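Dear colleague,

I am handing over the structure below, and my notes on it follow. Please read them with the model open beside you.

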Amino acid sequence: MTDADYRSRWIREGMSGTARFTLAIDPSGRISECTITRSSGHAELDAATVA
């Protein structure tokens, strides 16, 4: 994510953090799953990372 991905409400509320994640790659090389392995501390940011 970059600053451009942040919703204005998140910026106003001072929401920030670093989420760690794992990607599963299918045989064709496409991402088949994204799993948060360490939360940013904000469920909304974690959900945006997975999306």
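**Notes on the model**

Ser 16 sits in the loop that runs between α1 (8–12) and β1, where helices (H or I, at least four residues) and strands (E, at least two) are DSSP runs numbered from the N terminus. This is a predicted model, in which local features need pLDDT of at least 70 and side-chain atom pairs count only at pLDDT 80 or more, while totals for chains, interfaces and linings use all residues. Residues are numbered from 1 along each chain as its sequence is written, and side-chain values use heavy atoms, with hydrogens and water left out.

With a relative accessible area of 47%, Ser 16 is partly exposed; the classes are buried for under 20% relative accessible area, exposed for over 50%, and partly exposed in between (1.4 Å probe, protein chains only). The C-alpha atom of Ser 16 is separated by 7.8 Å from that of Leu 45, although the two residues are 29 residues apart along the chain.

**Overall form**

The chain has two helices and two strands, which follow the pattern α-β-β-α when read along the sequence. Its radius of gyration is 13 Å, whereas a compact globule of 51 residues would have one near 10 Å; the radius is taken over C-alpha atoms, and the globule rule is 2.2 Å times the number of residues to the power 0.38. Taken along the principal axes, the C-alpha atoms fill a box of roughly 40 × 20 × 10 Å, and buried residues make up 16% of the 51 residues.

**The hairpin and its patch**

Strands β1 and β2 pair in the antiparallel sense over six bridges, pairing being assigned if DSSP finds at least two bridges between two strands. Arg 20 has Arg 38, in β2, as its bridge partner. The two strands form a hairpin with five residues between them, and Gly 29 in the turn has a positive phi of about 90°.

Phe 21, Leu 23, Ile 25 and Ile 31 form a nonpolar patch on the surface, with about 390 Å² of accessible area together. Patches are made of residues with over 30% relative accessible area and no salt bridge, like charges being joined within 9 Å and nonpolar side chains (Val, Leu, Ile, Met, Phe, Trp, Tyr) within 5 Å; accessible areas come from the Shrake-Rupley method with a 1.4 Å probe, and for residues only the protein chains shown count as cover. Strand β1 (residues 20–25) gives the largest share of the patch, three residues, while Ile 31 lies in β2 (residues 31–38) and counts as exposed at 55% relative accessibility.

**Side-chain contacts**

A search of the whole structure finds two salt bridges, each defined as a side-chain nitrogen of Lys or Arg within 4 Å of a carboxyl oxygen of Asp or Glu. Arg 9 meets Glu 13 in a salt bridge (3.2 Å, N to O), and Arg 9 also forms one with Glu 44, the closest N and O atoms being 2.3 Å apart. Because Arg 9 lies in helix α1 and Glu 44 in helix α2 (residues 43–50), the latter pair ties together parts that are 35 residues apart in sequence. Through shared partners, salt bridges join Arg 9, Glu 13 and Glu 44 into one network.

The structure also holds one aromatic pair. The rings of Tyr 6 and Trp 10 have their centres 5.9 Å apart and their planes at 85°, so the pair is edge-to-face; rings of Phe, Tyr and Trp (its six-membered ring) pair if their centres lie within 6.5 Å, and planes under 30 degrees apart count as stacked, over 60 as edge-to-face and the rest as tilted. Both Tyr 6 and Trp 10 are buried.

With best regards
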